[in-house]
Amino acid sequence: MKMKFTTLVFVAFVLSSMAPTKAEEKAACVVTDLKACLPDIIGETPPSTECCTKLKDKKSCFCEYLKNPLIAPYMTSAKQVLEACGVPVPVCQRF
């Protein structure tokens with residue numbers, strides 16, 4: 001019985017150490033990572049494969065990106081690009 005408990009504690013420790021910290025998550029959400037999408041958002045052209053791939057990779061960051069006041073003017077175009085890539089438009093909580 002003690003062996004199972006020790007194993008469980010060890011597994012929990014390993015998994016928790018692998019989870020990204022808040023700082024790591026925030027660092028991973030850098031809006032410049034989406035520069036491949038800029039021509040598609042500004043020029044209103046169909047999004048490139050590279051843009052769609054980036055959007056899919058960074059979809060967990062969208063609400064963080066929306067906090068950036070520099071992005072607000074591009075929201076309508078950005079939503080169109082998300083939809084064209086088949087990425088759901090995020091629903092974010094306001095604080």
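**A pocket and its disulfides**

Okay, let's start with the lining of the largest pocket: sorted by class, it has 17 nonpolar residues, two polar ones and two charged ones. Before I go on, please keep in mind that this is a predicted model.

So how much space lies in the largest pocket? About 470 Å³. There are 21 residues lining this pocket, and the closest to its centre are V31, L34, I41, I71 and A78.

Now, which helix gives the most to that lining? Helix 6 does, with five residues. If you want to find it on the screen, helix 6 runs over 75–85. Helix 3, at 38–43, and helix 5, at 62–66, also supply at least two residues each.

Right, on to the cysteines. How many disulfides does the count come to? Four. Number the bonded cysteines in sequence order and the pairing reads 1-5, 2-3, 4-7, 6-8. I'll walk you through some of these links.

Let's take C29 and C61. Their sulfur atoms sit 2.1 Å apart, and they form a disulfide. C29 is in the loop between helix 2 (22–28) and helix 3, while C61 is in the loop between helix 4 (49–57) and helix 5, so this pair ties together parts that are 32 residues apart in sequence. The torsion about the S-S bond is about -75°, so we call this disulfide left-handed. Are these two cysteines buried or exposed? C29 counts as buried at 18% relative accessibility, the cut-off being under 20%. C61 is buried as well, at 3%.

Next up, C37 and C51. This is a disulfide too, with the sulfur atoms 2.1 Å apart. Here C37 comes from the loop between helix 2 and helix 3, and C51 from helix 4, so the parts being tied together are 14 residues apart in sequence. What about the handedness? The torsion about the S-S bond is about 110°, so the C37 and C51 disulfide is right-handed. On accessibility, C37 is buried with a relative accessible area of 1%, and C51 is buried with 0%.

Last one for today: C52 and C85, a disulfide with its sulfur atoms 2.0 Å apart. C52 lies in helix 4 and C85 in helix 6, so this pair ties together parts that are 33 residues apart in sequence. The link of C52 and C85 has -75° about the S-S bond and is left-handed. C52 is buried, with a relative accessible area of 13%, and C85 counts as buried at 7%.

Note on methods:
Residues are numbered from 1 along each chain as its sequence is written. This is a predicted model: local features need pLDDT of at least 70, side-chain atom pairs count only at pLDDT 80 or more; totals for chains, interfaces and linings use all residues. Side-chain values use heavy atoms; hydrogens and water are left out. On a 1 Å grid over the protein atoms alone, a cavity is a set of points where a 1.4 Å probe fits but cannot get out, and a pocket is an open set with protein on both sides within 12 Å along at least five of seven lines; lining residues have an atom within 4 Å of a point. Grid points are joined across faces, edges and corners, and a volume is the space filled by probe spheres set on the points. Helices (H or I, at least four residues) and strands (E, at least two) are DSSP runs, numbered from the N terminus. Ala, Val, Leu, Ile, Met, Phe, Trp, Tyr, Cys and Pro count as nonpolar, Asp, Glu, Lys and Arg as charged, and the others, Gly among them, as polar. A disulfide is a pair of cysteine sulfur atoms within 2.5 Å. Buried means under 20% relative accessible area, exposed over 50%, partly exposed in between (1.4 Å probe, protein chains only).
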